Number of protein chains: 4
Amino acid sequence: MENLISNISRPKHDYIDSSVFHKLESYNPKHSQAEKIPDQDPYTLNGQKLRLNFIRSQLNLDLDFLSGEKVFTNNESLKGNIENYIGMSQIPTGIIGPLVINGSLAQGPFYVPLATTEGALLASYNRGAKACRESSPITVVTLQEGVQRTPTFKFKNVIELGKFVSWVLDHTETFSALTRETSNYAILNDIGINIEGNILILRFEFTSGDASGQNMVTICSDRICQYILENCPIKPVFWTIEGNFSGDKKISPLNTRVRGKKVTAEIVLKKEVVKSVLKTTPALLHEQWRICVSGAKKAGVVGGGMHPSNGLAALFIACGQDVACTGEASVAVTRMEITEENDIYFAITMSNMIVGTVGGGTSFPTQRECLELLGCYGAGKSGKFAEIAIAVCLAGELSILAAMSSGQFTAAHQTLGR
Amino acid sequence: MENLISNISRPKHDYIDSSVFHKLESYNPKHSQAEKIPDQDPYTLNGQKLRLNFIRSQLNLDLDFLSGEKVFTNNESLKGNIENYIGMSQIPTGIIGPLVINGSLAQGPFYVPLATTEGALLASYNRGAKACRESSPITVVTLQEGVQRTPTFKFKNVIELGKFVSWVLDHTETFSALTRETSNYAILNDIGINIEGNILILRFEFTSGDASGQNMVTICSDRICQYILENCPIKPVFWTIEGNFSGDKKISPLNTRVRGKKVTAEIVLKKEVVKSVLKTTPALLHEQWRICVSGAKKAGVVGGGMHPSNGLAALFIACGQDVACTGEASVAVTRMEITEENDIYFAITMSNMIVGTVGGGTSFPTQRECLELLGCYGAGKSGKFAEIAIAVCLAGELSILAAMSSGQFTAAHQTLGR
Amino acid sequence: MENLISNISRPKHDYIDSSVFHKLESYNPKHSQAEKIPDQDPYTLNGQKLRLNFIRSQLNLDLDFLSGEKVFTNNESLKGNIENYIGMSQIPTGIIGPLVINGSLAQGPFYVPLATTEGALLASYNRGAKACRESSPITVVTLQEGVQRTPTFKFKNVIELGKFVSWVLDHTETFSALTRETSNYAILNDIGINIEGNILILRFEFTSGDASGQNMVTICSDRICQYILENCPIKPVFWTIEGNFSGDKKISPLNTRVRGKKVTAEIVLKKEVVKSVLKTTPALLHEQWRICVSGAKKAGVVGGGMHPSNGLAALFIACGQDVACTGEASVAVTRMEITEENDIYFAITMSNMIVGTVGGGTSFPTQRECLELLGCYGAGKSGKFAEIAIAVCLAGELSILAAMSSGQFTAAHQTLGR
Amino acid sequence: MENLISNISRPKHDYIDSSVFHKLESYNPKHSQAEKIPDQDPYTLNGQKLRLNFIRSQLNLDLDFLSGEKVFTNNESLKGNIENYIGMSQIPTGIIGPLVINGSLAQGPFYVPLATTEGALLASYNRGAKACRESSPITVVTLQEGVQRTPTFKFKNVIELGKFVSWVLDHTETFSALTRETSNYAILNDIGINIEGNILILRFEFTSGDASGQNMVTICSDRICQYILENCPIKPVFWTIEGNFSGDKKISPLNTRVRGKKVTAEIVLKKEVVKSVLKTTPALLHEQWRICVSGAKKAGVVGGGMHPSNGLAALFIACGQDVACTGEASVAVTRMEITEENDIYFAITMSNMIVGTVGGGTSFPTQRECLELLGCYGAGKSGKFAEIAIAVCLAGELSILAAMSSGQFTAAHQTLGR
């Protein structure tokens, strides 16, 4: 499969480009300048306007659709996004931050829009963002990317299958060329071969530019499969474009593979901040984390995080992402340690951050406004968006663990929830 | 733990009340009367109005917020649902159906609202609903319900832990009484005991009425734990209200437990309908399902469904559910067989349908309108809503499997997606 | 299912009988008297005799078959254990210990026989036993027991299934009586109900006395099922004695259920012993454990232990257990912490310790001798054997983690392995 | 990592060499000549001698140690395999077959030794072998091989880690050379990079010739790590030779990776044989398989087989394999279909067949005799042994499924078990 090598945009394992080290080491945040969101008048029109004006002036944005000043009437734009349209569901949306990130793609303070009806969610994530901000920027690194489609073929027997595989492996260069003809963005990086009796699963590994890419890779894979079926002398007795091996919208216990972007984030939280902002101690916080990781494993659940899906679902709704991917995207490995200085080291790693900043729902009015809030609208921004997303999750994990470690969790939900 | 028995509203295993059999067997759907949604002018204001007028006349509803005729200004109502509010995210919403259900709680034809920006999603689910409708009602049965909280306690050693457990088991009657004092809806049904070295996880099993219940059970569990901590002579060295053993917003490989409602649905799809509506054959459809269940297992993914999260995320956004639960809720066991008559038997079972029709986001304007579309707004409706939700997933699974089995999948996404 | 309650020998959750606390707290080991195994002349006939004589004098046993002085000729005794017999495979067997245990059923110093051909295995487990012995007895508690059989029934549809379940739940008292008639040892403790579409899985929960019990529960379940099939007016379209839901000889990610015995063990290892015996430090040992638990989770493997299967396979071969159960039995949750005194707290919990001291291979000559070495031959000893087995695993985990933490692991395998 | 490519003995995905097709297609078994094992006098010395004489004359072997005619006295040979030796555990051993295999490495009829004390086990596997033999040879193909070691390194932060990875990737050629210097058999095929916060797991992928290889790859990995630690300017704050990411002696839900050999086997079982030998029908057999695969998935167990661990544990004990690997080795994907001719297609795929024919316990007297029975003693035979092992599992799965499908299972265990 040497002919595939020229198309590899990234190695198939985790990797950090050496240019990233300098960028991360030279970041000099002036986040003292990043102003705090006005939180007075939480449940009045006046408070809403205060916050809108604050963010408009900070970022020079209109936000006319989010604010309700403009109403959607551009029904033509619905084509490709929905059928049997009757109107717009409206989801309450707020902002948290600034979240200060030192990432390989995202650097700076960010005000993050979250759409939810779960009370206490924004308050909790906002507190986490504050605790991080007062300690240090959140370091984030993108490690790998990829989107898969897994066409599956069935044969008379495993011998026929073997001959088919030989033919396929002799034509990978053609498949790369067909991919380039079919899409300006998709790149075919690898073809995995998985054999079980007389069934063959091909695992096409693509990158998809700044789209989340599920449709793009379907179309490219179909083109390749049609070519194979027409030209290969060995004919399968059945084939399908997808054998449910790609992990699309499903959850797997792995973090060794990638779906979308694989990103990792870490921070050292100062012990003073653990006390002043998170109202707990490093020892209690660490004990809470330790028990919760162990509890998840005992329960057989996938992913050891507490509630990354809370932050991700709210961010995905606001920003026009495919919300049906929340389950897979929220699988997270977290790790906490007490440092020699009695500070808290915390890391979170997410392998399935499948997001896009073009296509999908990104161009609808409020979705576009929310992406613009983050400087993430359009081409060249999907990696930045993924890095912001994991930073949000990191902040949320720290806040909920702190609340549970010190008995504030129930109280917060009694006050802010219903 | 005999004292708990009086509080058990349902047994802890799957169960079908005998009154249900008669209800299911006597259902006589006049779904010929259920009219088809007008689908002309898909991407114009006119088409939108046609569909709005159709559904308004069918169901005698206003839908003024969904339609954009009224704008949300009731900021006071945001209390308990969001902080740092700046406005409303707007998600395109359409309807599918009628979906004809013969359920233990939901019976009749239903027009189902789905909010999404993923092209082809509604078209596909709508086609599945049609194939079912033209074959027979979808049978749905609720099997079990429950919401958990898992407080966790750590002791000096396992002997101390053992003494603490003995005390706890002697006071379960008190815990039931405390639950009744704390909530009008929560019922404590069981307490699971899980010991690992010096760590004890108590698994409180509640039912929560028509709320999804996560907050309610937190508050009740906290009350019980405070009582234990004050009164038990054995003191833990650490405790927390949640040891991450409850499965809240996490995915586990099980369908033996329940979180929310456990529901099962089945249908026999006529071979003529497989051909006329689904454009495939029973043999191809069955082969596709078989390969996809096998593929999921090979990939190590949890749940063997194709895309229940697509339908659930869209339904949850429209209807004010906790969208962060989409991952756990969409874990599904599916099963297809070819009958002796060459029809298709298809069943789907979902154990984590955690939904509510009171509290959460259910009372916001568009969310309430969407619940009213289903006759599911307010008290006494959460079971009905769960049964509709699984019927939606059943329809969606059949449609995508049919599309993939006959090569229509890619074409549909090229035409309707982006 | 109240009629089942009278047959419950243990609650279905973890439980420690209060009589155990006094037994554990009053244990006063005189393990200074427990003598060390002579380890000179490791690979000569003379060394073998030294060890045989030592253990013979310590325990007043013959060990004539293990030693090779007597040869098996009792072919009649093979009935019920093997077909097509041609002779005896011979597996090298050694002893470790004394392993000092303070258990709810096993108390005292034990010399443990292990059969293996993997060099360094006994040396490593023996070192772990020494480190424990020089710190304190290993505390072990049995938490739960049970063996399952899961007959499965398929019906025309879910309504028929529901009626069948109602009938079954009305006859549980009869099933208990049938169990008592069929076996002197089996007790039916519970019947789980699991419904998926038109398929019903009954999960019969038994205890099986001192036999591992897989055959016993098969025969009892078959008797019950035959009764149901003859008497229930609702007839399934297919049924089978086992639907592969019992976990028999399979591995699952859970420790909430039990198969055989569920046991937990803990120890505090003194920092001086960590240094003198294990040649590492508490900090390095803890770091190694922490990384290894995290690595297992990242790899998606079930169970976070390092190598419990090494010790268990060797113990099971020596002691006539069902070696095919090694996979399920070796699933372990381990946990390590550094105490305030800078000692090591270590706990291990195993839910599937499926062992027997009657039946199976326990009466063959060398197997009986090995069980007698442990005082575990015959009725009333299976719980004691399970507690010794987990203590062996605890010792082995500590030793391998220590070796890896300080770079001795490779050296040990270069010296003692091949 | 181009410099690694020259060392790749096999591609990292499944692969069937084209030379295999001809070998498989031209196999012309004269298995009518393969004689049936005499099964009279099952539990007498005379019957044992009949079978010993039969197999001695068929294969021209002595079997003096298995038969008990010679006794082990060569204690010097124990070095490298056991410490604290006291004698030999003796495990009853029988033979099944002939098992007729058409494999890429194993071809012909085989008499397979199995060591167990579980009654009915050999009878069941023997029946499965007969059913296969009377239908057609079992086709077996080896797809992939590899053994892993996963050294793990921790750094001050993820930036330091990134610099370390860059250095490592620049020195892979050196690592290949170090491997060649350290072992005559090990080949380093790939290095996987897995990053999580400040922790790096390197996944060294080796092949290990005809040894199972766990020790060999430990020694090679240690050599490489020592080189890295001495020469790389970036120093980790902790490192270990194994981060528990290699899957060694653990079970994972995957069949996409390999540990040892990945092998697949298939057969078409004639409907007449299903009836005459297996005493069931294709429809019942298929229903049983379908329910059992579904049951395993519902229970959350890893692997959908029924009891591969029964056959593998018995084969591993007899043939000097590492019995502690039985759990991982027995993870199997099985698949059954009814063909158009109403015959049964059955396939089994096993990814973790970690076996060896040199080193380990393979040279002890009875172990060597058992390997010689299979023509698998010594260099160049490990692949052949893996192919026989999966064929044994295939036969055992068919037999147990048949027994369960027709109600014979309980009866067999009542007659042959205890």
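User: Leaving aside neighbours within four places in sequence, which residues is A:Leu200 in contact with?
Analyst: The model is predicted. Contact here requires heavy atoms within 4.5 Å. With neighbours within four places in sequence set aside, the residues in contact with A:Leu200 are A:Pro151, A:Thr152, A:Phe153, A:Phe155, A:Leu161, A:Phe164, A:Val165, A:Ile193, A:Asn194 and A:Ile195.

User: How many residues does the largest nonpolar core have?
Analyst: A:Leu200 is one of the residues with the most contacts inside this core.

User: How many residues are in the second, separate core?
Analyst: This core includes C:Ala115, C:Val273 and C:Phe346. D:Val147 is also included in it. Its residue count is 261.

User: What rotation superposes chain A on chain B?
Analyst: The superposition has an RMSD of 0.0 Å, and the shift along the axis is 0.0 Å. The two copies are thus related as by a two-fold rotation axis. The rotation is 180°.

User: Which residue of chain A has the C-alpha nearest the axis?
Analyst: The axis is that of the rotation superposing chain A on chain B. The distance of the nearest C-alpha in chain A from it is 1.9 Å, and the residue is A:Gly327. As for the contact surface, 100% of the contact residues of chain A recur in chain B. The residue asked for is A:Gly327.

User: Which residue of chain C has the C-alpha nearest the axis?
Analyst: Chain C superposes on chain D by a rotation of 180° with 0.0 Å of shift along its axis, at an RMSD of 0.0 Å. In chain C, the nearest C-alpha lies 1.9 Å from that axis and belongs to C:Gly327.

User: Why do the copies, chain C and chain D, meet through the same surface?
Analyst: The interface comprises 113 residues of chain C in contact with 114 residues of chain D. The copies meet through the same surface because the interface residues of chain C are also interface residues in chain D, at a share of 100%.

User: What area do chain C and chain D bury between them?
Analyst: The size of an interface is often given as the accessible area lost when the parts come together. For chain C and chain D, 56% of the buried area is on carbon and sulfur atoms. The buried area is about 10,400 Å².

User: Which residue of chain C forms a salt bridge with D:Glu287?
Analyst: The count of salt bridges between chain C and chain D is four. In the one formed by D:Glu287, the closest N and O atoms are 2.8 Å apart, and the partner is C:Lys154.

User: Is C:Glu196 buried or exposed?
Analyst: C:Glu196 is found in strand 5 (residues 187-196) of chain C. Its contacts, leaving aside neighbours within four places in sequence, include B:Arg335, B:Thr264 and D:Lys298. Because its relative accessibility is 0%, C:Glu196 counts as buried.

User: How many bridges join strand 3 of chain B to strand 8 of chain B?
Analyst: Strand 3 (residues 138-149) of chain B is mostly covered, with eleven of its twelve residues buried. Strand 3 and strand 8 (residues 260-269) of chain B run antiparallel. One bridge pairs B:Thr142 with B:Val263 in strand 8. The number of bridges joining these strands is seven.

User: In which sense do strand 1 and strand 3 of chain B pair?
Analyst: The bridge partner of B:Gly103 in strand 3 of chain B is B:Val140. Strand 1 (residues 85-103) and strand 3 of chain B pair over three bridges, and the sense is parallel.

Conventions
Residues numbered from 1 in each chain as written. Chains lettered and ligands numbered in written order. Predicted model: local features only at pLDDT ≥ 70, side-chain atom pairs only at ≥ 80, totals over all residues. Heavy atoms only, no water. Least-squares fit on C-alpha atoms with pLDDT ≥ 70 in both. Helix = DSSP H or I, 4+ residues; strand = E, 2+ residues; numbered from the N terminus. Buried < 20%, exposed > 50% of the residue type's maximum accessible area, 1.4 Å probe, protein only. Pairing = 2+ DSSP bridges. Core = buried A, V, L, I, M, F, W, Y, C linked by side-chain atoms within 4.5 Å. Buried area = accessible area lost by both parts, 1.4 Å probe. Salt bridge = Lys/Arg side-chain N within 4 Å of Asp/Glu carboxyl O.
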